[in-house]
Amino acid sequence: MPTPAIHVRNLTKRYQDRAVVQDISFALTAGETLVLLGPSGCGKTTLLKMLNRLIEPDGGSIEINGHDIRQQNPAELRRGLGYVIQQVGLLPHYTVAENVAVVPKLLKHNPEQIVHRTQELLTRLHLPPAQYAGQYPRQLSGGQQQRVGIARALAADPPIVLMDEPFGALDPITRAAIRQDFRELDELRRKTIVLVTHDVQEAFELADRIALLNGGQIQQMGTPRELLFCPANDFVRQFFAAERLALQLRVLCLADVLPFLPATPAAAEEASTLPATASVQEALELLSGAPGSQIGISETNKRVDLSGLMAGFERALAAAAS
């Protein structure tokens with residue numbers, strides 16, 4: 001069995017007589033994205049900061065790639081981990097390129113490789129180097145600063161990236177755009193990521209697994225589907241109650257709905273196509289934007305219109321919840 005990228009055992013942190021993190025254990029495989037979710041004060045940021053020793057635990061252990069982090073120099077540990085925070089933390093007197101290059105320079109990477117890597121990341125994050133590399137943080141919008149923060153975290157190509165409310169200070173439109181960049185960035189698909197958020201939609205959009213915390217304890221850890229359809233207790237059930245329909249639309253995909261779709265006569269016009277892995281939400285957005293239209297489902301001979309999609313969704317929902 002492969003060594004977990006991150007292995008946390010019985011982690012505990014107390015402030016005076018209050019337990020902020022209580023006996024938490026979990027293991028992440030390489031390339032997995034874990035979202036720490038929960039209400040304010042539940043311990044999620046404290047837990048994240050213990051992973052890079054910004055906060056020291058009172059009990060338990062943390063291993064990264066099989067090595068106990070207590071045996072590592074904290075500064076060296078952090079240089080090997082990407083870290084993105086809500087406040088971004090760019091150095092105001094450094095240009096964009098200089099900010100991105102901070103960690104590779106500390107690690108004494110080849111200067112030509114640093115320049116190439118910086119330009120590559122800025123390009124992938126929609127910040128053309130010719131336009132942005134020489135600018136200073138004050139000249140950038142909040143969304144652009146956050147993209148630079150992500151580029152900086154990835155510059156030394158760390159295998160693990162920690163993210164603390166990385167999109168929390170952004171307006172909803174910018175936030176959605178950067179989340180899309182996050183999902184589509186090849187660099188991040190290869191990383192093990194631990195991300196803190198209080199945004200339920202964000203958690204369901206980005207996570208492979210979610211650890212839902214309350215009172216310093218993990219109430220349930222599992223896939224978004226498991227937390228939504230198989231809640232471990234009343235807290236988990238109630239936590240998602242207000243957004244249940246929106247989450248169901250995001251969690252169920254066309255493959256789930258496919259067995260329940262009614263036969264739909266093909267329309268005269270060419271139909272847009274979505275893969276069976278696309279969410280019902282994606283299909284709904286496409287059909288709602290063009291009344292009377294249909295979509296085809298890749299690798300099947302099925303087409304569906306809006307009424308058929310919703311009928312199939314209701315039946316798939318009943319099957320998933322049973």
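**Figure 1. Four nonpolar, two polar and four charged residues make up the lining of the largest cavity.** The model is predicted, local features need pLDDT of at least 70 and side-chain atom pairs pLDDT 80 or more, while totals for chains, interfaces and linings use all residues. Numbering starts from 1 along each chain, and side-chain values use heavy atoms, without hydrogens and water. Ala, Val, Leu, Ile, Met, Phe, Trp, Tyr, Cys and Pro count as nonpolar, Asp, Glu, Lys and Arg as charged, and the others, Gly among them, as polar. The residues around the largest cavity are M50, R53, E56, P57, G60, S61, I62, D68, I69 and R70. Strand β4 (residues 59-64) contributes three of these residues, the largest share. The space in the largest cavity comes to about 40 Å³. On a 1 Å grid over the protein atoms alone, a 1.4 Å probe fits in a cavity but cannot get out; a pocket is open, with protein on both sides within 12 Å along at least five of seven lines, and lining residues have an atom within 4 Å of a point. Points join across faces, edges and corners, and a volume is the space filled by probe spheres set on them.

**Figure 2. The second largest cavity has a lining of six nonpolar, no polar and one charged residues.** Two cavities of 30 Å³ or more are present in the structure, and the volume of the second largest cavity is about 30 Å³. L125, I150, I178, D181, F182, L185 and L188 surround this space. Helix α8 (residues 172-184) gives the most to this lining, namely three residues. Helices (H or I, at least four residues) and strands (E, at least two) are DSSP runs numbered from the N terminus.

**Figure 3. The largest pocket lies between domain 1 (6-248) and domain 2 (253-321), because both give residues to its lining.** The domain bounds come from an automatic or database assignment. This pocket holds about 610 Å³ of space. Its lining has 19 residues, and F204, E205, R250, S279 and E282 lie nearest its centre. By class, this lining comprises eight nonpolar, four polar and seven charged residues. At least two lining residues come from each of α10 (200-206), α11 (224-229), α13 (244-251) and α15 (280-288). With three residues, α15 has the largest share of the lining.

**Figure 4. S279, in the loop between β11 and α15, is buried at a relative accessible area of 9%.** Buried means under 20% relative accessible area (1.4 Å probe, protein chains only). Beyond its neighbours within four places in sequence, S279 is in contact (heavy atoms within 4.5 Å) with L249, R250, L252 and C253. Of these residues, R250 is also among those nearest the centre of the largest pocket, as is S279 itself.

**Figure 5. The buried residues of α15 are V280, Q281, A283, L284 and L287.** Seen down the helix axis, these residues fall within an arc of 160°, so they line one face of α15. The arc is that of the directions from the axis to the C-beta atoms. Among the elements covering the buried residues of α15 are α13, α14 (254-257), β11 (272-274), β12 (295-297), β13 (303-304) and α16 (306-321).

**Figure 6. The second largest pocket has a volume of about 420 Å³.** Two or more lining residues come from each of α2 (74-79), β6 (81-85), α4 (102-106) and α7 (142-154). The largest share, four residues, belongs to β6. The lining numbers 19 residues, with R78, L81, Y83, V103 and R152 nearest the pocket centre. Twelve of the lining residues are nonpolar, four polar and three charged.

Conventions. Buried < 20%, exposed > 50% of the residue type's maximum accessible area, 1.4 Å probe, protein only.
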